[in-house]
Every structure is written in structure tokens, then in C-alpha cells.
Amino acid sequence: MTTNVLTLSAYEFYINGEWKESQSGQTIDIKSPYLYEVIGRVQAITKEEVDEAIYFAREAQKDWAETSLQDRAKYLYKWADELIDMQDELAEIIMKEVGKSYKDAKNEVARTADFIRYTIEEALHMHGESMRGDSFPGGSQSKIAIIQRVPLGVVLAIPPFNYPVNLAAAKVAPALMAGNAVIFKPATQGAISGTKMVEALHRAELPKGLVNLVTGRGSVIGDYLVEHKGIDMISFTGGTNTGLHLAKKATMVPLVLELGGKDPGIVREDADLYEAAKHIISGAFSYSGQRCTAIKRVLVHEKVADELVGILKEEVEKLSVGSPENGNTVVPLIDEQSADFVQILIADAIGKGAAVITGNKREHNLIYPTLLDYVTEEMRVAWEEPFGPVLPIIRVSSDEEAIKIANESEFGLQASIFTKDINKAFVMADKIETGSVQINGRTERGPDHFPFIGVKGSGMGAQGIRKSLESMTREKVTVLNIGE
Ligand code: G3H
């Protein structure tokens with residue numbers, strides 16, 4: 001599939017319902033991670049254009065907050081339908097821009113439409129609450145608090161490169177249903193896909209000014225957006241360092257941050273090793289491990305380690321490697337720099353005594369799936385997030401040791417426990433410091449209505465459809481004092 005549906009013309013940014021070229025006269029080249037050529041350009045907008053976008057968002061939000069939930073729903077249902085109509089086109093753009101296989105890219109679009117529809121339905125069924133005054137000592141029955149959820153204003157949505165449509169819509173849809181306007185700043189690598197997603201909103205005739213697409217250099221508009229007084233909430237998904245920087249810059253606005261991870265797959269000695277291996281392989285290597293929720297280390301009981309490593313080796317060697325156009329699982333990483341980093345981690349581990357079971361081969365930014373055994377706590381790969389197809393195996397002698405190593409990580413996104421002893425799994429799950437623990441399954445965000453939470457260096461706040469709606473609203477209390 002090499003037909004070039006992407007023209008090399010510059011994509012415009014979107015402000016107050018109009019597509020525009022930036023006054024800066026500058027654009028940013030977007031290079032495909034596997035075609036190694038520029039596939040399009042996006043506008044490098046100015047701070048003044050950011051100001052305008054936020055101005056229009058604030059204006060539009062006032063009327064939007066007054067529209068009924070049913071009216072908001074109509075636009076969002078239309079948006080989901082438009083995305084499905086554009087599914088093939090979008091999938092090809094996602095594939096070319098971020099190097100995800102065509103099938104996975106198509107699934108991303110379908111998942112996004114489902115996400116939007118569920119968000120609508122969830123928002124339609126969310127209710128406020130009321131409280132009687134006399135439940136507190138000395139309170140009176142004649143006092144009633146009515147608690148509603150109201151919008152925050154303008155939400156700044158910043159998704160990562162790896163789900164340029166899905167994780168963008170996962171912020172935009174709840175923001176809109178909750179009555180907010182949105183400033184959408186896509187990851188630069190992912191900005192063409194994000195632009196196309198906004199095109200679907202435009203076709204759905206969303207009222208102007210409600211979603212504004214701003215593209216540009218982080219060094220020019222990144223901090224400016226985050227510190228802007230016109231932003232009322234920030235929802236960011238991306239790297240931990242960027243998230244930390246953002247948290248320091250943002251002042252007095254609610255933040256939801258979904259950051260990196262170092263999810264362990266803990267394999268107990270009683271586990272079904274073939275089942276565990278199946279989940280570990282898919283968890284660690286799909287999309288070359290470029291998922292925050294990828295399994296990024298295995299903590300296996302030493303009694304079953306040799307057998308597990310044998311099974312994993314066989315499965316890793318079956319993984320298809322190459323261009324995303326041929327549906328391969330392991331594809332070139334997003335850029336050369338990312339591949340360099342993975343290689344540094346592998347080299348560090350080998351230098352300190354890790355055994356290469358398979359892999360450790362590179363062609364440009366394509367890293368072959370790599371399995372490292374006998375990884376120890378001295379090695380960087382035991383702690384750092386590669387965001388690439390390398391899986392370290394750490395042998396442990398007890399559940400306690402597995403939990404200790406799991407918790408010593410700076411991250412706390414998810415963990416998997418593989419065991420036949422469900423009671424033991426629950427006891428262990430309680431002790432693991434992550435937002436979620438998967439029992440006998442791979443680490444993953446979905447289904448998308450589940451709460452999705454990162455603790456420690458993995459983030460703050462919660463996503464998942466209901467949680468996102470809640471995080472993009474605040475409670476407003478009106479107290480009715482009934483006369484005698
Ligand atoms: O990369 C971060 C995503 O939230 C992971 O989502 O588990 O569905 O791949 P996923």
C-alpha cells in the first residue's frame with residue numbers, strides 16, 4: 001500500500017471554524033518514520049495566533065455551556081459517523097505518519113468512534129446529587145444543597161504521537177460533552193492525523209470556535225499555551241519529563257497527566273506459562289512497544305524462568321518485523337533518536353552481563369524484538385522506559401521480591417500478575433503501587449470506560465470515560481433555603 005494519499009501541501013490550522021495559514025509563514029515538515037520522506041507540513045503558528053484561538057474558544061464556550069446535552073450529542077454522534085466514513089483515509093494517514101500497521105490504525109479509528117458514542121451516552125446519564133441539611137448535627141430540613149456538574153471553560157488537550165486520533169478524541173469528546181471548548185495541540189508527529197480528525201468535526205458542523213487546532217513548535221507555543229490565563233484545564237498524555245515540566249509551568253488549573261510506565265509482568269511459579277507468554281508478547285511488542293501500557297519488564301520466579309524464557313524466545317522469533325504497510329507487529333520506531341535510546345539501554349545491559357536471548361539487531365530506526373535475560377537491578381533497562389521492542393527478564397525468588405522490584409520503579413501505571421492462585425493474586429495486587437493491576441492479562445488501557453490511572457511518575461488524575469467527564473467539570477453547589 002504505497003499510494004500517496006498525502007499531498008505535500010501544508011495542512012492549515014483551524015481557528016474559529018476556519019482553516020488558515022499561519023502569519024509566521026513557517027511550516028514544520030512531518031517525516032514518515034518508515035518511508036523516510038516528508039509526507040506533509042503543518043503550520044508553525046505564532047503566540048498571537050494562540051491568543052486568538054483561546055479568545056474564540058472562550059467566546060464559543062459561553063453559548064455551548066447553555067446548549068442542551070441532547071444538542072451536544074447530535075454534533076458528537078455526527079463526528080463519530082464522519083470518522084467512520086473517513087476510516088480508510090485516516091488509517092492510511094496514521095500509518096504513514098506514526099508508522100502503525102494499517103489494521104491497527106483502522107482499529108484506532110473504530111475505537112475512537114466507539115469512544116465518542118460511549119462518552120455521549122455516559123454524559124447523558126450523569127446526574128447531580130442533593131443533600132438534606134439535617135443530616136449534619138444542628139442542620140435543618142429546610143436547607144437543601146443541589147450539586148450539579150458545570151464545565152470548566154477551555155480545556156487544553158495534548159495527546160501523544162502513538163494514538164494521534166484516539167487519544168486526541170479521548171480528550172476532546174468528554175470536554176465537549178461536559179460543555180467546554182477545546183484548544184487541541186497535537187504531537188508534532190501526529191499532527192496530520194490530528195488535523196484530519198478535526199476535519200471530521202468540521203464536517204459534523206460543530207459550532208465555530210469550540211475546537212481550535214493549534215500546531216507549532218513546542219519551543220514557541222508549548223509553555224505559552226500551558227501558562228496561558230485563558231486555559232482552565234489541561235489534559236496531557238505523553239512522556240514523564242514533559243509532564244513534569246508542564247506541571248511546574250501550569251498554575252492553579254486542574255491537570256490530568258497520563259505519562260510513562262514500566263509495567264511489570266509478574267509470573268508466579270504456578271502460572272500457565274504458555275498463557276502468560278501470549279499476553280507478555282502481545283503486551284510488550286505490539287506497535288514495537290510504543291505504548292505507555294506496554295509490558296516493559298518480566299519478573300519471573302526462578303523455578304520457571306528457564307521454561308518461560310524458552311517459550312518467549314520461540315514466540316518473539318515468530319513476530320513479524322518490518323514496514324507497517326505489510327501489517328508487521330514490530331515496525332520502525334517513531335524516529336532515529338528513539339532507536340538510539342533503545343540501543344543504549346540494550347548495550348548498557350549487555351555490558352553489565354545480561355544475556356541476549358534473541359534480537360539486538362537494528363536497521364535505521366527499526367529495532368528487532370529483543371529479549372534480554374539475567375537482567376539485574378544495576379542495569380538501566382531494569383528501570384528506564386525504552387518505548388521500544390526490548391523486554392528485560394528479571395529472575396526473582398519470591399512474590400515479595402517481585403513486589404519489591406515492581407514498587408521500586410519511579411513509575412506506577414499498570415502491572416500484570418500471572419498465576420492460577422486468584423486469592424494470592426488479589427493479595428499481591430493490593431501491594432502493587434500502580435493505578436491498575438491486571439490478573440492473567442496484559443497491561444492495557446481499554447476497555448475505555450474503565451478508569452485509567454497512573455500514580456507516581458506515571459501521572460495524576462484519572463481518565464476513562466466517566467472519569468474524564470468528571471475531570472473536565474467541577475461541582476457547583478446551590479443551596480435552597482425553604483421558608484417556614
Ligand atoms: O500509550 C498510552 C496509551 O494510553 C496506551 O493505550 O493500552 O490501549 O495501547 P493502550
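Analyst: What follows looks at the ligand and its shell, and then at some residues elsewhere in the chain.

The model is a predicted one, in which local features need pLDDT of at least 70 and side-chain atom pairs count only at pLDDT 80 or more, while totals for chains, interfaces and linings use all residues. Residues are numbered from 1 along each chain as its sequence is written, and side-chain values use heavy atoms, with hydrogens and water left out.

Around the ligand stand R111, N162, Y163, L167, E258, R291, C292, T293, E444, R445 and F452, where a residue is near a molecule if one of its heavy atoms lies within 4 Å of it. This shell divides into four nonpolar, two polar and five charged residues; in that count Ala, Val, Leu, Ile, Met, Phe, Trp, Tyr, Cys and Pro are nonpolar, Asp, Glu, Lys and Arg are charged, and the others, Gly among them, are polar. At least three residues of the shell come from each of domain 1 (5-259 + 460-476) and domain 2 (263-448), with bounds taken from an automatic or database domain assignment.

The side chain of R111 places an N or O atom 2.9 Å from a ligand oxygen, R445 has a polar backbone atom 2.8 Å from a ligand oxygen, and for E258 the distance from a polar side-chain atom to a ligand oxygen is 3.4 Å. Of the 300 Å² of accessible area that the ligand has on its own, the protein covers 98%, as computed by the Shrake-Rupley method with a 1.4 Å probe, where for residues only the protein chains shown count as cover.

E258 is placed in strand 12, helices (H or I, at least four residues) and strands (E, at least two) being DSSP runs numbered from the N terminus. E258 counts as buried because its relative accessible area is 4%, where buried means under 20%, exposed over 50% and partly exposed in between, with a 1.4 Å probe and protein chains only. V256 belongs to strand 12 (residues 255-258) as well, and V256 is buried at 6% relative accessibility. Although V256 and Q463 are 207 residues apart in sequence, their C-alpha atoms are 7.7 Å apart in space.

E385 lies in the loop between strand 18 (370-373) and strand 19 (390-396), and its relative accessibility of 17% is why E385 counts as buried. The side chain of E385 makes a polar contact of 2.7 Å with the side chain of K296, and a polar atom of the E385 side chain is 3.1 Å from the backbone nitrogen of G261.

Most peptide bonds are trans, and most residues other than glycine have a negative phi. The bond from G446 to P447 is cis, with omega near -5°, and P447 sits in the loop between strand 22 (436-439) and strand 23 (452-453). K456, in strand 24 (residues 455-456), has a positive phi near 50°.

Key:
A polar contact is a pair of N or O atoms within 3.5 Å; within protein, one must be able to donate a hydrogen and the other to accept it, and residues adjacent in sequence count only if both atoms are side-chain atoms.
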